[in-house]
Amino acid sequence: MKLLNLCLPLVLMLTTVSLSAQDFKDLDKSPMDAVITRNQNNSPLARIIYSRPKKKNRVIFGDLVPYGEIWRTGANEATEITFYEDVLFNSEKVKAGTYTLYTIPNKENWVVIINKVINTWGAYSYKDSLDVLRTTVMARNTAATLEDFSVTFKPTEYGSDLLMGWDDTFVEIPIQKL
């Protein structure tokens, strides 16, 4: 009986600690994700780290993400792109390194921007004087609505095509190793 009186409070305390340790409050509404593409020899070519906001029955382009304005290309921190070797990004040279990937969505096309500043929140401190390049790509309609902003790579013979899409719109940017 004495043993039970000593053990019962300990068991109750451990059970309470165990239950409260599994409480995951305030999970990110736009979780972070990463994609990587590799060369044919399996060495890395490029990686993107970004956050994935949801559509949630909203009009995305032209409303939530205004046309003609700088966008962090996702949510939360600005999207980060790393090139592991020198590449042609939509036929323009970019040196190996880590950059921020911004975009300016428009109805017919997007301006895709590679910028020197990294580790930044949103596009609030964006400065065009720090752009490494700006290139324009055609905006296309998706086959099906994308609920989450999504980024992926499609391997090609000479590198990969970067695809970014959300709602009913996507863009495709060729990346070729030099």
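These legends describe close-up views of aromatic ring pairs in a predicted model. Residues are numbered from 1 along each chain as its sequence is written, and side-chain values use heavy atoms, without hydrogens and water. Local features need pLDDT of at least 70 and side-chain atom pairs count only at pLDDT 80 or more, whereas totals for chains, interfaces and linings use all residues.

**View 1. Aromatic pairs and a ring cluster.** Rings of Phe, Tyr and Trp (its six-membered ring) pair if their centres lie within 6.5 Å; planes under 30 degrees apart count as stacked, over 60 as edge-to-face and the rest as tilted. The count by this rule is 11 aromatic pairs. Y50, F61, W71, W110, F149 and W166 are linked into a cluster by ring pairs.

**View 2. The pair F61 and W166.** The ring centres of F61 and W166 are 6.2 Å apart and the planes stand at 90°, so this pair is edge-to-face. It links distant parts of the chain, 105 residues apart: F61 lies in the loop between β2 (44-51) and β3 (79-83), and W166 in strand β10 (residues 159-177). Strands (E, at least two residues) are DSSP runs, numbered from the N terminus. F61 is buried at 8% relative accessible area, and W166 is buried at 1%; buried means under 20% relative accessible area, exposed over 50%, partly exposed in between (1.4 Å probe, protein chains only).

**View 3. The pair F83 and Y99.** With centres 6.2 Å apart and planes at 50°, the rings of F83 and Y99 form a tilted pair. F83 in strand β3 and Y99 in strand β6 (residues 97-105) are 16 residues apart, and the pair links distant parts of the chain. F83 is buried, with 1% relative accessibility, and Y99 is buried, with a relative accessible area of 10%.

Conventions: Helix = DSSP H or I, 4+ residues; strand = E, 2+ residues; numbered from the N terminus.
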